[in-house]
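The exercises below concern the way in which two parts of one protein meet. Please keep the sequence and the model at hand while working through each solution.

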Amino acid sequence: MISSLKALFAVCLIAMAGAAAAEEQVVNLYSARHYASDEILYNGFTKATGIKINRVDADDAGIMARLKAEGSASPADVILLVDAARFYRGEKDGLFLPVRSKVLEEAIPANLRAKPDANGGIEWFGLSTRARVIVYAKDKVAREDVDTYEKLADPKNKGKVCIRSGSHPYNLSLFGAITEHMGEPQAETWLKGVVANMARAPKGGDTDQIKAVAAGECEIAVSNSYYLARLMRSDKPADRAVAEKVAVVFPNQNSWGTHVNIAGGAVARHAKHVDNAIRFLEYLASPEAQNYFANGNNEWPAARGVKFDNPALNTMTGGQPFKSETIHISAVGANMVKVQQMLDRAGFR
Ligand code: FE
């Protein structure tokens, strides 16, 4: 009897140790970061912590649909998304777990992470930023005619503007920010002005807009900063030739600042490896990983005080820090429904 109890006890101990070991060594990641070079980041985490990453790749919408469908059975521990409005939506839909992390709270500015709940828990954290900039044909357009978002709607730029679909998240977030800055009536007038200035109906992605400027199809384009940086740093001469033909302006330096969107992370509501998930997010906020965001995908670190060196970003900004907007980034999500209605009324497809 005693020996069989002893044996049972031993089995239990082994089982518990096994469970603890499994808990220590895995984090299940759902990632919408479609950047192959992120692999280096994940390997760095596993090397530093011994925690293995199981990764599922999908886009933002796919990940959110999957989390909803899986509910409490979801294996997801940590989620990486690439648009602020998606984080806002995910928070409203209860997809994230509020967490406390001194490391993350100190590293990430308050306007780039979720507002804390009553217990101080935070549901998502921006980890890198991308600026929505104006690119223009440097031989045809004067910089002072495109140095604000407002000027995209100025009649003097009629027939010159190329921009991707209004319903793409990057534009929805830009328009949500503009609504926050201008107020709704002015934002709607502005959207109508942008539609009136289009060189062609929206099509393609941000890189296609930059290429259209280089090809003479339009003179002014709106793009996320990293697409231009990518062309500048490309090993294809044709890409670098495109970048050579255009100049870039960080809009609204004398007013509210350039709109920046975030890519970031959250712990999943039903995470089974919460501690590992927090460690992973803390790792992504470390100077090493933040530097990687700056160099690998040409984004800006979201964490405070991280030094980075990216030749394309330095060229774009003239080596100077640019002024980015300081509104709480969740405003772009809060304004989304309004923006979609305004886009309909403005005929912005
Ligand atoms: Fe992108």
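**Where the domains meet**

**Exercise 1.** Find how many residues of each domain take part in the contact between domain 1 and domain 2.

*Solution.* In this predicted model, 29 residues of domain 1 are in contact with 25 residues of domain 2. To place these residues in the chain, note that domain 1 is made of residues 26-128 + 260-317, while domain 2 is made of 131-258 + 323-346. The C-alpha centres of the two domains lie 26 Å apart.

**Exercise 2.** Determine what area domain 1 and domain 2 bury between them, and which residues of domain 1 lose the most.

*Solution.* Begin with the total, which is about 2200 Å² for the two domains, with 65% of it on carbon and sulfur atoms. Then turn to the side of domain 1, where Asn 111, Val 260 and Met 316 lose the most area to domain 2, together accounting for 32% of what that side buries.

**Exercise 3.** Describe the polar links between the domains, and then the elements and residue classes on the side of domain 1 that touches domain 2.

*Solution.* Count the links: there are zero salt bridges between domain 1 and domain 2, whereas 11 residue pairs, both residues at pLDDT 80 or more, are in polar contact. Next, list the elements that give two or more residues to this side of domain 1, namely α4 (84-92), β8 (260-267) and α13 (311-317). Of these, α13 provides the largest share, with six residues. Finally, sort the residues of this side by class, which gives 16 nonpolar, eight polar and five charged.

Notes: Residues numbered from 1 in each chain as written. Predicted model: local features only at pLDDT ≥ 70, side-chain atom pairs only at ≥ 80, totals over all residues. Heavy atoms only, no water. Domains from an automatic or database assignment. Contact = heavy atoms within 4.5 Å. Buried area = accessible area lost by both parts, 1.4 Å probe. Salt bridge = Lys/Arg side-chain N within 4 Å of Asp/Glu carboxyl O. Polar contact = N/O pair within 3.5 Å; in protein donor to acceptor, adjacent residues only side chain to side chain. Helix = DSSP H or I, 4+ residues; strand = E, 2+ residues; numbered from the N terminus. Nonpolar A, V, L, I, M, F, W, Y, C, P; charged D, E, K, R; others polar.
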